[in-house]
Amino acid sequence: MTTTLNKTETTAPAERNGSARYLTPLANILETKDGYVLEAEMPGVRKENLEITVTNGELVIVGRREAAEPQGQSVYRESRSADYRRVFELDPSIDTSKISARMEQGVLTLQLPKAESVKPRKITVAD
């Protein structure tokens, strides 16, 4: 099976897009009988700070994090304060008008249903 959601950007830990710096969220894609489920890890992003768009067959996810004031002087830091951005190329079999999303505990979950015309259907034989 070919992957219906093709990544169109690098998976580097951080990338530049114009003058903004973005982190690429880790993602899982699962196929179900009715479509696909995309899970993207975006810790620190609230649903009010999410922007999800579909344009010209591309799914664009942007998550903005609010800057937290440090409670002390940083001695060592591995986490970055950049926002998240990831782009996926959508297969034409996905019904983009029925995509739904929810954000729960830093994980964005998108339901990407297959169009009815590509789902298998059972045909009954008439008497």
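Two strands count as paired if DSSP finds at least two bridges between them, and the strands themselves are DSSP runs of E of at least two residues, just as helices are runs of H or I of at least four residues, with both numbered from the N terminus. With that in place, let me turn to the protein chain. What you are looking at is a predicted model, in which local features need pLDDT of at least 70 and side-chain atom pairs count only at pLDDT 80 or more, while totals for chains, interfaces and linings use all residues. Residues are numbered from 1 along each chain as its sequence is written, and side-chain values use heavy atoms, with hydrogens and water left out.

I will begin with the overall picture. The protein chain has ten strands and zero helices, so to speak a run of β elements from end to end, as the pattern β-β-β-β-β-β-β-β-β-β is a DSSP reading along the sequence. Of the 127 residues in the protein chain, 33% are buried, where buried means under 20% relative accessible area, exposed means over 50%, and partly exposed lies in between, using a 1.4 Å probe and protein chains only. If we take contact to mean heavy atoms within 4.5 Å, then among contacts between residues at least 6 apart in sequence, 56% join residues at least 24 apart.

Now to the pairing of strands. Strand β6 (residues 45-55) and strand β7 (residues 58-65) run antiparallel and are joined by seven bridges; Thr53 has Val60 in β7 as its bridge partner, and Ile52 has Ile61. On to the next pairing, β7 also pairs with strand β8 (residues 83-89) in the antiparallel sense, over six bridges, and there Leu59 is partnered with Phe88 in β8.

What lies in the turn between β6 and β7? The two strands form a hairpin with two residues between them, and Asn56 in that turn has a positive phi of about 50°. This deserves a remark, since most residues other than glycine have a negative phi. Asn56 counts as exposed because its relative accessibility is 77%. A second case is Gln105, in the loop between β9 (100-104) and β10, where phi is again a positive value, near 50°, in a residue other than glycine. Gln105, too, counts as exposed, because its relative accessibility is 81%.
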